[in-house]
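Please look over the sequence and the model before reading on.

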Amino acid sequence: MDFDAIVVGSGITGGWAAKELTEAGLKVLMIERGREVRHQQDYSTEMKMPWDMPFRGAGDSDLYDREYAVQRLNRHFTEFTQPNFVNDAQNPYQTGEDTRFTWFRSYQLGGRSLTWGRQAYRWSDYDFGANARDGHGTDWPIRYADIAPWYDKVESFIGVSGAKEGLKQLPDGQFQPPMALNAVETHVRAQIAKRWPERCLTIGRTANMTEGKPEEGRAPCQYRSLCARGCSYGAYFSTQSSTLPAAMKTGNLTVITDAVVEALDYDPATRRVTGVRYIDTKTGTRKTARARIVFLNAGAFNSVHILLNSAPGGLANSSGVLGTHIMDHANTLSAAALMPGFETHTSFGNRPTGIVIPRYRNMDQMDGIGHTRGFSFQGGALQSTWTQGNRMAGIGAEYKEKLRHPGPWRMVLVGFADCVPRATNRLTLDPAKTDANGLPQLRIDFAFGKEEHAALAQAKAEAAEMLTAAGGKVLMGFDQPGPGGTAIHEMGGARMGHDPKTSVLNKWSQSHDIANLFVTDGAQMSSTACQNPSLTYMALTARAAHAAVGMLREGRI
């Protein structure tokens with residue numbers, strides 16, 4: 001099979017690569033390792049109630065112990081969403097002796113675009129300039145002005161709701177009307193602004209639409225907050241609802257599912273990749289597809305895995321840094337508080353987003369205690385529902401009547417701290433362990449350092465301070481990060497940089513070594529910022545696809 005381009009992976013960035021390349025007129029092959037999931041046809045649990053499920057939505061705990069030991073730790077993993085997460089027993093990976101890393105994965109058409117948290121934030125020059133400023137990692141070869149037009153494009157197409165706040169650390173975008181803060185959040189926002197004018201509590205900017213896109217067959221959010229099951233309304237951005245239909249509409253896209261890519265083919269004479277080798281997992285046969293350019297969008301760690309497995313020492317690795325400087329946000333519950341005084345207020349529907357308090361430390365003044373980067377908070381205020389009965393003693397009519405009414409208001413702030421890039425945090429191929437396809441298993445070595453611990457310690461203290469100032473009674477808070485991977489923002493391994501001697505990719509997400517190879521998922525990231533990275537992945541992918549098409553037309557690749 002010969003194509004103009006091959007896109008490996010069909011998640012958030014794979015969908016964008018396919019859309020942009022096909023709309024530019026290229027014949028594109030998309031290769032997805034998991035099963036096919038058709039929009040509006042294959043969301044098998046989307047409309048089901050707990051009583052429709054064999055285990056009432058809780059799932060088979062014995063099965064989860066045996067086969068989903070990691071995925072079951074994901075807060076979106078339930079009996080309803082289980083089909084959208086990998087079976088850990090069938091997809092093993094290894095960790096270093098001192099590493100705790102929970103690698104949450106979704107192997108099906110659409111990848112994690114079906115299960116992501118949908119938080120969509122721009123990065124600022126504080127983020128793109130972080131490495132140059134404090135000397136950790138390598139400097140990004142781009143700044144905010146380079147990517148701002150691509151943020152505009154992505155936001156307008158996928159649909160992002162949010163409030164414009166005029167913050168230089170969290171630039172505004174092309175937003176649909178925001179979802180509303182509830183009564184407690186509105187109060188806390190006002191109290192924080194009154195005492196700390198530099199701190200802003202705002203509604204989470206989310207890829208859940210508040211206005212429909214009927215021309216794309218997409219309706220606004222129904223406020224069910226059941227997104228990870230799949231959404232036939234197309235109300236949140238996923239590959240299935242948004243980029244895949246656009247790519248298919250061109251007539252230029254071919255999609256293969258159940259196909260695990262094992263390696264890229266490379267011609268040392270031309271210094272070009274010539275194609276992709278993959279395993280048809282339904283038949284076990286090995287096949288090859290050829291193309292003029294290849295986009296790796298398999299997910300940060302899987303894209304690196306493919307490169308490491310494509311040549312001794314790794315393909316596109318003249319720098320020697322392939323697989324190194326992997327990152328994930330350090331996060332933890334910084335504070336949880338009871339919020340008395342709002343008993344006459346309640347909310348309706350299930351809003352699929354929370355609040356965010358963007359970074360306010362280490363911007364124009366270095367005022368972090370023991371760290372040089374930023375931290376932010378996500379969370380929200382909520383009332384207990386009848387499910388509080390799971391943890392409440394009681395029996396009889398009085399107990400039942402109590403559960404008919406909303407419980408007290410609580411508010412939580414979860415800290416997300418920037419992760420410093422370190423060479424010791426890295427991916428390698430395990431020398432002895434292989435998977436069911438005979439491929440070497442990926443090995444993860446990872447640990448947070450003193451900077452992340454210091455940031456979360458400051459976050460804990462200041463979260464409690466803010467909620468107390470707003471009248472809350474703090475119940476608990478933590479300053480120790482969860483295991484790596486907890487934030488589900490794994491990044492790095494094929495970082496972008498100016499210098500081919502210290503980075504894998506240039507400013508176009510293009511390999512320094514191999515001109516027709518692009519890596520545009522999380523692997524390309526050189527730092528993490530302290531806000532969610534998915535919108536930046538998408539913008540960088542659209543930007544790289546535009547650049548690749550231009551290079552092809554000019555005969556430069």
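Which residues do ring pairs link into a cluster? The members are Tyr93, Phe101, Trp103, Phe301, Phe446 and Phe448.

The model is predicted, so local features need pLDDT of at least 70 and side-chain atom pairs count only at pLDDT 80 or more, while totals for chains, interfaces and linings use all residues. Residues are numbered from 1 along each chain as its sequence is written, and side-chain values use heavy atoms, with hydrogens and water left out.

**Aromatic pairs**

Rings of Phe, Tyr and Trp (its six-membered ring) pair if their centres lie within 6.5 Å; planes under 30 degrees apart count as stacked, over 60 as edge-to-face and the rest as tilted. By this rule there are 18 aromatic pairs. Two of them are listed here.

| Pair | Centre to centre | Between the planes | Class |
|---|---|---|---|
| Phe101 and Phe301 | 5.6 Å | 40° | tilted |
| Trp123 and Phe128 | 5.7 Å | 45° | tilted |

The pair of Phe101 and Phe301 links distant parts of the chain, 200 residues apart. Phe101 is in the loop between strand 3 (94-95) and helix 3 (125-128), and Phe301 is in helix 8 (residues 300-308). Helices (H or I, at least four residues) and strands (E, at least two) are DSSP runs, numbered from the N terminus. Both Phe101 and Phe301 are buried, a term for under 20% relative accessible area, with exposed meaning over 50% and partly exposed in between (1.4 Å probe, protein chains only). Trp123 and Phe128 are buried too.

**Charges over rings**

A charge sits over a ring if NZ of Lys or CZ of Arg is within 6 Å of the ring centre and within 35 degrees of the ring normal. Arg33 has its charged end over the ring of Tyr107, 4.1 Å from the centre. Arg229 lies over the face of Phe80, 3.6 Å from the ring centre.

An open sheet of three strands has the order 3-16-15 and mixed pairing; two strands pair if DSSP finds at least two bridges between them. Strand 3 and strand 15 (426-434) are the edge strands, each pairing on one side only. Strand 15 and strand 16 (residues 440-445) run antiparallel and are joined by five bridges.

**Helix pair**

The axes of helix 1 (residues 12-23) and helix 7 (residues 239-249) come within 7 Å and cross at roughly 20°. Helix 1 is therefore roughly parallel to helix 7.

Axes are lines fitted to C-alpha atoms, for helices over the stretch in contact, and angles run from 0 to 180 degrees between N-to-C directions. Angles under 35 degrees count as roughly parallel, over 145 as roughly antiparallel, 65 to 115 as roughly perpendicular and the rest as oblique.
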